[in-house]
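Trainee: Please take one part of this structure and go through it closely. I would like to hear how that part sits among its neighbours.

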Amino acid sequence: MIYLTVSMVSEVAMGFFSRELRAGDHLVTKRLGYTHHGIYLGRNKVIHYSGLANGLRAGPVEITSLDNFSQGKHTYVQSHDKRVFCHKQTVKRARSRLTEDKYNLLTNNCEHFINWCIYGKVRSEQVSNVAIYMLSGGVSGIGSGHIVTNSILRLSRGLL
C-alpha cells in the first residue's frame, strides 16, 4: 500500500514515493466511522460516489480534486491482485457512471461503486461487516437492533 496525505500529493505526483499514482488506482481515505473510496483518474483528479462524503445529503458520482477527496485525511492506494478490469477499463467504467445520482448507503455507496468498476460486482465489505455485527448480537437491548436497522434504512433513503 502507498500512504498519502494531502501534503504529500505533489510529492506523489513527482514520483518521490515507491511509485507514482496510476489512473485506475483504488484510493481509500479514512473518515469518521468509515472509509471513503474513489478511483484515481490522473492529474490529481478522483472520481467517486460523493454520497455522504460532504454531509448527510447524498451526492452523485463526481470528479473532484485529490485534495478534496482526501479532506486532509490519511489516504492510501488499495491494491487488487485479481482485478477483472485493468486500470484503463476501470477508469472507463467509472466515467460511464459520472453524474449518476442513485446513492444508497446499503446498496449503492462509494465502495459498491469501486468494486463494480474493478470487479464488475456490487459489494461493500463495510456494509457486510455491519450486517454481520448486528446479526451476531453486536447490538444489545430489546428493540435496539430494530431501532438501528430502521435508522440505517431511513438514512440510506435520505430521510434523516
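Mentor: Take strand β4, residues 45-49. Four of its five residues are buried, so the strand is largely enclosed by the rest of the structure. Buried here stands for under 20% relative accessible area. Keep in mind that this is a predicted model.

Start with the strands that pair with β4. On one hand there is β3, residues 34-42, which pairs with β4 in the antiparallel sense over three bridges. Within this pairing, tyrosine 40 has valine 46 of β4 as its bridge partner. β3 and β4 form a hairpin, with two residues between the strands. Arginine 43 lies in that turn and has a positive phi of about 50°.

Strand β5, residues 61-65, also pairs with β4 in the antiparallel sense, here over five bridges. Isoleucine 47 has isoleucine 63 in β5 as its bridge partner.

Next comes a helix, α3, which spans residues 87-96. Its buried residues are His87, Thr90, Val91, Arg93 and Ala94. Viewed down the axis of α3, these buried residues fall within an arc of 165°, so they line one face of the helix. On the other side of α3, Lys88, Lys92 and Ser96 are exposed.

This brings us back to the strands. β4 is among the elements that cover the buried residues of α3, and the cover also includes β3, β5 and the helix α4, residues 110-119. To sum up, β4 pairs with β3 and with β5, and β4 is part of what covers the buried residues of α3.

Key. Residues numbered from 1 in each chain as written. Predicted model: local features only at pLDDT ≥ 70, side-chain atom pairs only at ≥ 80, totals over all residues. Heavy atoms only, no water. Buried < 20%, exposed > 50% of the residue type's maximum accessible area, 1.4 Å probe, protein only. Pairing = 2+ DSSP bridges. Arc of directions from axis to C-beta. Contact = heavy atoms within 4.5 Å.
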